[in-house]
Amino acid sequence: MSYPYQIQNREAYEEAYQKSIEHPEKFWGEIAEHFKWEKKWDKVLDWNFSEPKVEWFKGGKLNITENCLDRWAETYPDRNAILWEPNDPAEKIRRFTYKELLDEVCLFSHVLNRNGVKKGDRVCIYMPMVPELAIAVLACARVGAIHSVVFGGFSAQSIADRINDASCNIVITSDGAYRGNKTIPLKSIIDEALLSCDSVQKTIVLTRTGEAVSMLSGRDVWWDDEMKSVRDEGLSHYKPEVMDAEDMLFILYTSGSTGKPKGVVHTCAGYMVWTNYTFVNVFQYKPDQIHFCTADIGWITGHSYILYGPLSAGATSLMFEGIPTWPDAGRFWEIVEKHKVNILYTAPTAIRSLMGFGTEPIIGKDLSSIQVLGSVGEPINAEAWHWYDEHIGKKQAPIVDTWWQTETGGIMISNLAGVTDAKPVFATKPLPGIQPVLVDENGKVIEGNNVSGNLCIKFPWPGMLRTTFGDHERCRLTYFSTYQNLYFTGDGCMRDNDGDYRITGRVDDVLNVSGHRIGTAEVENAINMHTGVVESAVVGYPHDIKGQGIYAFVILSSVHNDEAHMKKDIMQTVSKLIGPIAKPDKIQIVSGLPKTRSGKIMRRILRKVAEGELSNMGDTTTLLDPTVVESIIMGRIP
Ligand code: WTA
């Protein structure tokens, strides 16, 4: 098996890139030929960014799971599709060949079908990182339902918001989840969420931890019972639902600079082609290699590079339930040794946290199987890049620094492992099909090299978002209205003298905490829900491990003698409303916030305070009350 569209050398990259720009329809049409279609497309691309309307392979008919499962189960039935490493290293690993995975997905498709799930229905999935999560996701795709996976670290309130936004009619969950030495009661969190979700008629509950859970008659059913009864009835193969190329495949909620998270929508064909193409090319995947992406399937990285990208390429994908530091900081390296991992794809925050333990946890671990290393989720700092290169890749494995977003579906800017040059802290070059432009604040395109600006993309690519669920106008306003005829990423970027790109971080009010996107407005809304809070402002500050930490300035309604207790209550409120991942690292109680005469909070000043850059506060003359700045500086939390 080989991938005819795998780029083999630098010249081939340049050639592919050139062709993708000059003849995009021909370029993508040829690549799409390598997939399994019920019916080929009528037109490769139709688009305008003003509505926006983006349609790839329109008129084509397919089911993504035939491409991810059936075609490999036919040709390579015994190849491993998923290897699973449990949270507790003492527990047995599990393996699924392509044939076995297909069988399980078919059975669970029957279960979904029997429980009333139809094409186009929305299914919320809130599960631990176990193989059944992959099975649930793929079964949704097989029956044509739209999955909305919610990360296990979100609270009941956040889940309820997501379920209601998409009017999901079914939830798939488990009794609990293991995470290091903790267990998380997923089912009872779902029970709490469902108190405010009228649309949900069924929940399917997998047994993972075995703890006691409440099961509502008529609503809640057990995964194992359902699977057993379809087996007992002799059901096996499930005929995949025929989908239009542009039918929705999934919704994934992500934070923006305003209000509530939005449901980013990806569609069947374009997303499949894009995740496959980027997987094969960026990681330079070779058959039989073991690919280990450490992300959670609750995030886009897990969707694209644990599931759809690798599986559509017939690869072997390793899925890990636990965390990098439990039972000790050698866990990743032990997994690499045990499974002979060839490609390791992780986040800078994980690298930085493991760096903190020194090289002791690595000593004695055989990492010689590693051939490619990847980084994703946030800008990687030079120190982490070199540590990764030296201690994990032993200077033998190329590092791919992959820049992309939930909205882009797959990798956009990255070197191709061993094919194009890596450059520390640079994502380097755009993938074929990607036309990045830098613009200044007024939307003027900045030409030439050695320049910085806001990163936009000027031409559609197959994996891009199509809409935000239930609110197309929000999609237009968020991504396509800041600059005319451009997709705006929200990131700042520089292009150096070699034409290589370096992403410098968000330029909007979105934080990137341990690789998780969190909107400042979302955190502020949650803090303001606390009864004792009048107003708050949240900004990010540099954090050694998390990349960014969350700093909250809070005005209370009355003077409190026990501020420490008050802060704990605020933390608890945020945790309840969003989830533990959004808890502020620092809370400073203030008597006022720096506001302009028109009432706008000057975040620039708060950012400087949080960062500890106190020498030059910039122009404060437009402030309503310049003295508040003094007192905020005095009370700064170091
Ligand atoms: C940031 C994760 C620098 C960026 C796939 C982007 C990065 C946001 C990189 C998207 C990288 C992701 N270098 N920054 N290699 N990769 N980012 O939607 O700010 O969770 O806009 O998708 O992460 O985060 P998201």
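Student: By class, how many nonpolar, polar and charged residues does the shell around the ligand have?

Tutor: This is a predicted model, in which local features need pLDDT of at least 70 and side-chain atom pairs count only at pLDDT 80 or more, while totals for chains, interfaces and linings use all residues. Residues are numbered from 1 along each chain as its sequence is written, and side-chain values use heavy atoms, with hydrogens and water left out.

The shell has six nonpolar, six polar and five charged residues (Asp, Glu, Lys and Arg count as charged; Ala, Val, Leu, Ile, Met, Phe, Trp, Tyr, Cys and Pro as nonpolar; the others, Gly among them, as polar). There are 17 residues around the ligand (a heavy atom within 4 Å), and those that come nearest are Asp401, Thr402, Thr406, Asp491 and Arg517.

At least two shell residues come from each of helix H10 (300-312), strand S20 (399-402) and strand S26 (501-506) (DSSP runs of at least four residues for helices and at least two for strands).

Next, the polar contacts (N or O pairs within 3.5 Å). At Thr402, a backbone N or O atom lies 2.8 Å from a nitrogen atom of the ligand. Pro379 likewise places a backbone N or O atom 3.4 Å from a ligand nitrogen. Arg506 instead uses its side chain, with a polar atom 2.8 Å from an oxygen atom of the ligand. As for cover, the ligand taken alone exposes 530 Å², and the protein buries 96% of that (Shrake-Rupley method, 1.4 Å probe).

Notes:
A polar contact is a pair of N or O atoms within 3.5 Å; within protein, one must be able to donate a hydrogen and the other to accept it, and residues adjacent in sequence count only if both atoms are side-chain atoms.
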